[in-house]
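Thanks for sending this one over. Here are my notes, in the order I would go through them with you on screen.

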Amino acid sequence: MSRGALTPQGLQARLAATILVAVMLGMIGVSWATQRAFQSGLRPALQGEAAVVGASVGELVGKARDRGLALPELVGVREHLDDVRHEHPELAYLALKDETGHILFESGKAEEQGIEVPLLRQRERIGGVEAQISGAYIRHILLESALDLLVVFVVATFLTRELLNAISGADAGLRATAPDSAATLARLRIPLFLFMLAEELTRAFLPGYAHALMPKDPPISTEMLVGLPIVAFMLVVALGQPLLASWSERAGHRRTMLLGAGLGVIGLGGSALASGIADFIAWRSLCGLGYAMVFVAGQGLVIEHTAAADRTRGFALFVGAIMVAAVCGPPIGAMLADHVGPRWGFAAAALVAAVALLMVRGLPRDHADAGLSTQAPTARDFLRLFEQGRFVWVTALAALPAKLLLAGFCFYLVPIYLIAQGASVSVAGRAMMIYAVVLVLVMPQSTRWVERGVPLAHLVGVGLCLSSLGGFALLAWSGAAPVYLAMGLLGLGQGLSIAAQSSLLAQVCAAEIEAHGSGPVFGVYRLVERLGNASGPIVAATLAATIGHAGAFVVMGSLVLACGLLFLLIARTTRWGVGVAEAKA
């Protein structure tokens with residue numbers, strides 16, 4: 001290769017930099033246009049709205065004046081002004097004045113020169129209504145606009161990486177993989193990413209949409225009913241994946257993925273048209289079945305098209321597509337729901353899933369395997385494993401609490417709590433994005449620490465404790481800031497522990513794996529994890545109905561913190577879960 005020639009990695013880096021610079025320049029242009037629009041359109045529009053509100057108040061006061069009541073004699077004016085300001089958060093101040101300009105009744109705190117609407121009777125001025133725009137409201141609009149631009153930049157960064165992965169094909173590090181298999185893996189990533197993106201688009205607005213479908217007199221608590229669509233989805237995924245994995249081997253992975261993507265399109269489309277909570281739960285269950293089928297089929301294709309030496313790198317491609325979808329989906333879906341409504345958000349998700357379905361058709365046909373290389377765990381496997389203290393230690397004190405916290409916090413409490421605080425759906429989407437971004441950034445470093453021999457149990461236990469601490473922030477203050485902190489700590493903790501958990505399980509169950517293979521051990525372990533996902537919203541909903549949303553954050557965080565501390569104590573006293581380097585020695 002000549003000195004001036006670029007390597008594929010160098011070319012990819014230059015292309016990524018070019019795209020990101022173009023995106024950044026576009027964002028600067030949009031930001032400048034937003035400021036211009038504010039100066040020329042937003043403030044006058046708000047002032048016009050203030051004038052309309054002032055005229056409405058003036059008309060009501062004028063009717064009372066026509067009945068012979070003098071302005072100072074009016075009753076309930078201050079309460080009425082308070083109600084009007086509550087309905088119009090853009091107003092900082094309302095005041096009713098007499099004909100001399102003296103203030104008779106007022107609501108709020110004056111900030112700047114406002115708009116005054118005169119009260120006229122028979123062309124004679126009898127008073128006026130002054131309305132002032134809230135500076136805090138204007139600053140909030142500008143902040144929301146800036147945060148939306150930041151979200152777009154983060155999403156564009158991850159989408160650029162995903163696009164470059166698609167352009168460059170399979171990972172050059174898959175040296176032991178045949179060229180045809182490497183090409184198949186490269187073609188798998190985009191439809192897998194698009195299908196997972198379709199589901200992630202709905203995360204932020206799904207609980208609020210479920211709340212809007214509530215019947216007038218629900219048979220159970222509203223909090224529990226709102227959580228049931230999430231529980232139904234997670235439960236179908238948890239129970240379906242072990243069975244569908246073996247079915248996918250028989251039917252063929254491409255065919256399974258096609259069917260799963262088709263079910264996802266139907267489920268998301270049906271969710272957009274749901275008329276009540278019962279049929280919404282049914283549609284979400286169908287989405288769960290489609291998700292489980294796509295997941296196991298994609299996982300099967302990675303196993304089928306990688307050699308043993310390259311399997312870890314192959315799964316990194318698989319997990320990477322899912323994680324990029326988790327970063328991009330919630331904030332974009334939330335912005336869609338804020339601007340066009342959640343039904344159109346589900347419709348957009350169905351459209352993305354349909355594109356994924358079309359791209360799955362481009363995968364090469366595979367051959368069904370009647371030998372069933374993937375078997376679901378049997379009842380005997382469950383009984384044997386749950387008699388082993390080390391397996392129970394890892395699953396009950398690490399895997400289950402981690403997934404319980406993830407589903408309870410991220411998928412249920414965050415959207416519901418923020419909506420109850422008066423925040424937009426976009427705020428919930430950003431919180432979920434913070435979790436995913438921190439997780440993606442921390443996980444590679446955690447993997448390197450594992451390889452360098454950092455004790456696995458320490459990473460798992462510390463990760464559990466860190467992920468739980470954010471819930472306590474809601475004891476100090478309310479609003480979006482503590483939720484952002486909670487999601488950042490959740491991503492940090494789970495990023496530290498996810499890579500270490502599987503390695504720790506393989507280490508403490510080494511004798512079991514040698515005797516019966518890794519399939520039963522990891523099959524039961526993954527099932528427990530997924531059941532934690534399914535039970536998280538139930539636990540969170542029960543706590544929210546009993547002690548409120550903030551209390552639910554704190555109690556769930558306390559439970560997981562206790563599990564993390566107990567986990568670390570057991571690791572210290574038993575010497576289980578030493579570092580990888582120490583175990584090899």
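**Notes on the predicted model**

1. Let me begin with the overall make-up. The secondary structure of the chain comes to 19 helices and four strands. Please keep in mind as you read on that this is a predicted model.

2. On burial and surface, 50% of the 585 residues in the chain count as buried. The chain exposes about 26600 Å², and carbon and sulfur atoms supply 63% of that area.

3. The contacts are worth a look too. Taking those between residues at least 6 apart in sequence, 79% join residues at least 24 apart.

4. Next, helix α6, which runs over residues 222–251. At 1.5 Å a residue, its 30 residues should span 44 Å, and the end C-alpha atoms lie 41 Å apart, which agrees. Do look along the axis, though: α6 has a kink of about 45 degrees at Gln241, shortly before the proline Pro242. Just after the helix, Gly252 takes a positive phi of about 105 degrees.

5. How enclosed is α6? Of its 30 residues, 21 are buried, so the helix is largely enclosed by the rest of the structure.

6. Now to helix α12 (residues 389–420), where Leu418 is found. Leu418 has 1% relative accessibility and therefore counts as buried, the cut-off being under 20%. Leaving aside residues up to four places away in sequence, Leu418 touches Leu413, Ala423, Val427, Ala428, Gly479, Ala480 and Val483. With Ala428, the C-alpha to C-alpha distance is 6.6 Å, across a separation of ten residues in sequence.

7. My last stop is Ser497, in helix α15 (residues 480–508). Is this serine buried or exposed? Ser497 is buried, because its relative accessible area is 3%. Which residues does Ser497 touch, not counting those up to four places away in sequence? They are Leu459, Val460 and Gly463.

Conventions
Residues are numbered from 1 along each chain as its sequence is written. This is a predicted model: local features need pLDDT of at least 70, side-chain atom pairs count only at pLDDT 80 or more; totals for chains, interfaces and linings use all residues. Side-chain values use heavy atoms; hydrogens and water are left out. Helices (H or I, at least four residues) and strands (E, at least two) are DSSP runs, numbered from the N terminus. The expected span of a helix is 1.5 Å times one less than its number of residues. The bend at a residue is the angle between axes fitted to the seven residues ending there and the seven starting there. Buried means under 20% relative accessible area, exposed over 50%, partly exposed in between (1.4 Å probe, protein chains only). Contact means heavy atoms within 4.5 Å. Accessible areas come from the Shrake-Rupley method with a 1.4 Å probe; for residues, only the protein chains shown count as cover.
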